[in-house]
Amino acid sequence: MAGSRPLKSSPLLLTSLLFLIGILTLAMLGPWLSPFSPYEIDLTQTNLPPGLAHPFGTDALGRDLFVRAWGGARISLFVGFAAALIDLGLGLMLGGLAGYIGGKWDTAFMRSVEVLYGIPYIMVVLLLAVILGPGVFSLIVGMTLTGWIPMARLVRGEVFRAKEEDFVLAATAMGQGPFRILLWHILPNVMSPVLVALTLTIPQAVFLEAFLAFIGLGVPLPRASLGTLITEGARESWYYPWQLFIPATILCSTLLAFNTLGDTLRDMLDPKRGEPAPRPLVRGSVNIPEIPPEKTLGAPLLTLEQACVRFLTPRGELPAIREVSLTLQPGEMLALVGESGSGKSTLGRSIVGLLPKKGSLVSGKCLFMGQELRLPRLGPLDQLGKPKLAMVFQNPLGSLNPTMQAGKQVAEALVSARMLSWAAAKDEALHLFKEVGIQNQRRCFFAYPHELSGGMRQRVVFAVMLALSPSLLIADEPTTALDVATQARILALLTKLKTTRGLGVLFITHNLALAKGWADRVSVLYAGEIVEEGPSRRLFQDPRHPYTKGLLDSIPKLDADNPDNALFALPGSPPDPYTLHKGCAFAPRCPVARPYCKDEPAPWVTLEDGHRARCFAVKEALLL
Amino acid sequence: MKEATRPKEHLPQLVVLDDISKRFYPQGSPSFEALSSVSLALYQGETFGLVGESGSGKSTLGRIILRLASPTGGKVYFDGRDVFSLRGRALLDFRKKAQVVFQDPKAALNPRMRVGTAVEEGVALGGIAGTRAKNERVDELLEHVGLQPSHAKLFPHELSGGQLQRVCLARALSPSPKFLVLDEPTSSLDVSIQAQILKLLLRLKRELGLTYLFISHDLAVVRVLSDRVGVLYKGRLVELAPAKALFKEPLHPYTRALLALSPEFWDASRTTTLPAESEGDAEKTHPECAYLPLCEEPLEACKSRIPELHEASPGHFVACQPKA
C-alpha cells in the first residue's frame, strides 16, 4: 500500500489529503466551535455579513451560518461516505465472489447486473425519495440500490485477472481454501483500483445529494446539508452573496480535493509508474544528411566512443552505461552480451535515440558511417528519405499495428521509405516476405498480426525492417520470446541478410550460446561496462576476463557424467548500480580479485586478433 | 495404461498419467487439443525432464498432475490414488506431497505478503502448529535454500530474481513434499544465477529424496538434471528415453531437429538446413502425424495414421514409423 515514501514524493496527494482531513475535522467539530445552535432563530440578527461573532454571517432567520455550514458538510459527507462504503462492501462481496467462482454463476451474475445497470441511477434515487419520503436514509438506500454495480464490475474484473496469477495457483497447490485465498491473496492485490474508485465515488454521492437538495428532495428542513444551504443562498445571492459563496466553496473544494486524491492515487498505484511509456514506433530512424560515397568507404558503420548514459531516478543517479566504446563494420554481426541490468538494451536504445527524454543524460560520441548522430534523432518516417538505421525488439506483437494486415504494414513502409506506388509496393512486399522465409506469402499478406505465430510475426517485423533497407540493424533480444527452432531460423535469416545485403547487426542478447553460434564478434557487458571483447571464436575458446569465464562455465556442460560437475555457479549476484565503486564492478564476485581491484579502474589488455579484456589479473598473467 | 509406457523396472511409481487429453475452448476461436493421449509414469526418486516448444502442452501437463487444471480425458494417479477423485483430508494430503515451482518467481509470490508469511502458509499446512515452531521451521527452510532468516521479513520486490526463486523453493518445500513440479524454474533467471538454482535443486533432491518433474525448453538444462526425458510435440509425447540415450541417439526427427537447432548443442553447423516453419495450425480432417509437414524423411504411412509410442530399444520409446 501507499507507504510514506510515495506520500513525500507527491505534494499533490499530501495537499489534498491534508485538506480533506481539515474539512472532515471541521465538519465533525464545527458545531462545537461556535456558541450558536444551527436551528436557533434570532430575528434581530438576520442576514448579517461575516464578522467576528458569526464568521460566515447569518441567514434570513438569523441562524448562524458557520454552524449550519459545517453541520451541512457533516450531513453531505455522511451521505457520501455511507453510500460509497456500502457500495464498496456490496461490490467487494458480490463482485469478488462472481469473479472468483466464475463459470455459469458469473455469467448469470453479470447478465442480471447489466439489466439492473440499464435503469438510470437518478431515476432510482428520485423514485425512492418519493416512496420513502426525503431523508438521509432514503437518499442512501436510493444511491446504493444500483450504485454498487460499477464497483462490483470493477472488483469482478480485477479478481478475474488476479486469480490466474501464479501466486494464486501456488496457494491452491498449497491446499488453501477458497476463502483464505480470496481474502489473503486476491483481495489485497485488487485493492489499488478499488481504493481509487472509492475516492471517486464519495464526491459523486456528495454531489448527487447536493443536486437532490437543490430540486427539493434532500434532507428535510430544518436540517440542512450543503446542498440545502446552497439552494437557500442562491435565492439571496444578489443581496447577500456570501450565503451562496461560502457553502458552495466548501462543496466545490471538497469535491475537487476528493478527485485530486483519486487521480494522484491512480497514478501512484499504477505499477507502470516511472517507467517510460511504451512507444508505438517499430523502428527508430535517423535523419542523416546524404553522405558522399567516398566518405563512407572503409569507415566503420557504427562507432561509439566513451558513450555514457545516466538516468536520474528518485534514488539518485543511475549509471546505466559507463564509457562504452565499440565499432561495427558493414556486414558484421556484433553480439552485445550481458545479464539483465547490464545495460545492453539501454545501449541499443541510446544509439537509436529511444531513451526517455526526461531524466536520461547521454554523453560521448556516436558516429554512424563517419557522421555524428545528434539528438533529437527521431523524426516522422515520411520525412526521412532514406532511413539507414533500424531497430527490432523482443516482442514482435508490440511492434506491429494490430489493426492492420501484415502485408499492408510492409507495403506502407515501402511507400514511405522508397516512394513506391502502392501496386509496386505490394509486389515488393510479397518479395520481401519471400526473402524473410515466409512460405505462403499471399496468406501472410492478408493476415492480421494476432493470426500469426510468434516466429511469423517476427519475420513480418523483419520484412518491415528490410523495406526500410537499413545499413545497420539493432536487434534487441529478437529471438528471446521464440522457441529454439524459430530462434535458429530467425538468426539464419539475419546471417543471410548480413552477407547478401552487407547489413551490420548489433545483436543484443543474454544468451551466450546464441552469441557463440552466430556472431562474428562479441562484447561482454557487465554493470554497464564492456569487460571483454573479441572475435566470437577466440573469445569463447579462450575467455580471459574472470566474468566471461564464470559466465561460460555457468552454461551446463553436456559431457560431464556427474551432474554436479556439469554445473559451475558464479557466486553472488550482479552489483547494485547505485553503489558502484571506482574499480572493477566484478571485483566482489571475482575469484581472482586483487586487493586493489576495487579501488582502481582495471586496465585494458590487448591480446591477439582484436581480443581485449579489462582486468588486472589478465595483465599480470601476461607479464609473467 | 497403455502397454507401451508400462515401466519395465521395479521401481515404485509415484505419478502415473493414463491417456491424458486436454482440449481448450477459447472464446471466439476454434477449440484445440493441447494434450492428446499422453501416458507416462514417474518413478520414485527420479527427475523426469519434459521438453517441448512453447505451446507444446508441457506446462498444461504439469498443472494437470497437480490438479490445478482438469483434463478433458484420462486419469492421473499419485501414489496409486486417482488425483481427481480426492476429497477433503485426502486432497489436503495430496497437496502437501505434491508442490510446484513456477517460471517467474516474481509472479509466483503475492506482492503484498512478506516472503516469510508465504513460506509459513505451507509450514502450517504441513501440520506444524504454534508460532514459535512455525517460525523456526521457516528459518530452517530459508537457510536450506541458501537464504538468511532475516529475509523472511522482506517483501518480494525487495529481493532479486534468484533470491525470489529460492523463496519459491522454500515455500514449495514447506509442507515436506515428496514430489515437485518445476515449471521452467530457471528460464527467467540470468545464466550465472541459473547455475546456482540448478545446483540447489540437485542438492535438495539428494538430501530430501524428492521426485522432480522438470519442465523446460532448454535442452542443456534438462540434460544436466534429468534421469529420463520425454519430448512433447503439439500435445503428443513423441519420444521418451533415459536422458543419456536421448541425447546420444535421438530417434524422432523432431528431437533430432531440436538438438540440431539448439544453440548449446550446435557447433558451427551453420550449413544445417533448417526445416521450414509450419504456418497454419488448421485441424486436419484425417489423422496424420503432426510432425509430417516438417519431417525430413516422411513415409507414405505417416499420412494416414498417427504413430503410437513403441519401444525401439529397452526403455527408449518413440512415436515414429520404424524405418524400413
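This is a predicted model: local features need pLDDT of at least 70, side-chain atom pairs count only at pLDDT 80 or more; totals for chains, interfaces and linings use all residues.
**Exercise 1. Find where Arg67(B) and Asp79(B) lie, and state what phi each has.**

Step 1. Recall the background. Most residues other than glycine have a negative phi.

Step 2. Take Arg67(B). Its phi is near 60°, a positive value in a residue other than glycine. Arg67(B) belongs to the loop between helix H1 (58-65) and strand E4 (73-78) of chain B. With 19 other C-beta atoms within 10 Å, Arg67(B) is partly exposed.

Step 3. Take Asp79(B). Phi is positive here too, near 55°. The loop that holds Asp79(B) runs between E4 and strand E5 (81-82) of chain B. Asp79(B) has 17 C-beta neighbours inside 10 Å, so Asp79(B) counts as partly exposed.

**Exercise 2. Describe how H4(B) packs on H5(B).**

Step 1. Decide what to report. Two packed helices are described by the angle between their axes and the distance between the axes.

Step 2. Read both values. H4(B) and H5(B), the latter spanning residues 131-144, pack at about 115°. Their axes are 9 Å apart.

Step 3. Classify the angle. The range 65 to 115 degrees counts as roughly perpendicular. H4(B) is therefore roughly perpendicular to H5(B). The crossing is right-handed.

Step 4. List the contact. H4(B) supplies Gly116(B), Val119(B), Glu120(B), Val123(B) and Ala124(B). H5(B) supplies Lys134(B), Arg137(B), Val138(B), Leu141(B) and Leu142(B). By class, these are six nonpolar, one polar and three charged residues.

**Exercise 3. Describe how H6(B) packs on H7(B).**

Step 1. Read the geometry. H6(B), residues 161-173, and H7(B), residues 191-208, pack at an angle of about 20°. Their axes lie 10 Å apart.

Step 2. Classify. Angles under 35 degrees count as roughly parallel. H6(B) and H7(B) are therefore roughly parallel to each other. Their crossing is right-handed.

Step 3. Name the residues. Gly161(B), Gly162(B), Gln165(B) and Leu169(B) of H6(B) meet Ile193(B), Gln196(B), Ile197(B) and Leu200(B) of H7(B). This contact has four nonpolar, four polar and no charged residues.

**Exercise 4. Work out which element of chain B gives the most to the side that touches chain A.**

Step 1. Size up the contact. Chain B gives 50 residues and chain A gives 47 residues.

Step 2. List contributors. Elements of chain B that give two or more residues include helix H2 (88-97), helix H4 (115-125), H7 and helix H10 (253-261).

Step 3. Pick the main one. H7(B) gives the most, with nine residues.

Step 4. Sort the side of chain B by class. There are 26 nonpolar, 11 polar and 13 charged residues.

**Exercise 5. Compare the reach of H10(A) with its expected span, then find what covers its buried residues.**

Step 1. Compare. H10(A) covers residues 242-269, 28 residues in total. It reaches 39 Å from first C-alpha to last, close to the expected 40 Å.

Step 2. Look for burial. Buried residues of H10(A) include Ile246(A), Ile250(A), Leu251(A), Phe258(A) and Leu265(A).

Step 3. Find the cover. Among the covering elements are helix H2 (11-33), helix H3 (65-101), helix H8 (178-214) and helix H9 (226-235) of chain A.

Note on methods: Residues are numbered from 1 along each chain as its sequence is written. Chains are lettered from A and ligands numbered from 1 in the order in which they are written. Axes are lines fitted to C-alpha atoms, for helices over the stretch in contact, and angles run from 0 to 180 degrees between N-to-C directions. Helices (H or I, at least four residues) and strands (E, at least two) are DSSP runs, numbered from the N terminus. Angles under 35 degrees count as roughly parallel, over 145 as roughly antiparallel, 65 to 115 as roughly perpendicular and the rest as oblique. A crossing is left-handed if the near helix is turned anticlockwise from the far one by less than a right angle, and right-handed if clockwise. Two residues are in contact if their C-beta atoms, placed from the backbone, lie within 7 Å. Ala, Val, Leu, Ile, Met, Phe, Trp, Tyr, Cys and Pro count as nonpolar, Asp, Glu, Lys and Arg as charged, and the others, Gly among them, as polar. The expected span of a helix is 1.5 Å times one less than its number of residues. A residue is buried if 20 or more other C-beta atoms lie within 10 Å of its own, exposed if 12 or fewer, and partly exposed in between; C-beta atoms are placed from the backbone.
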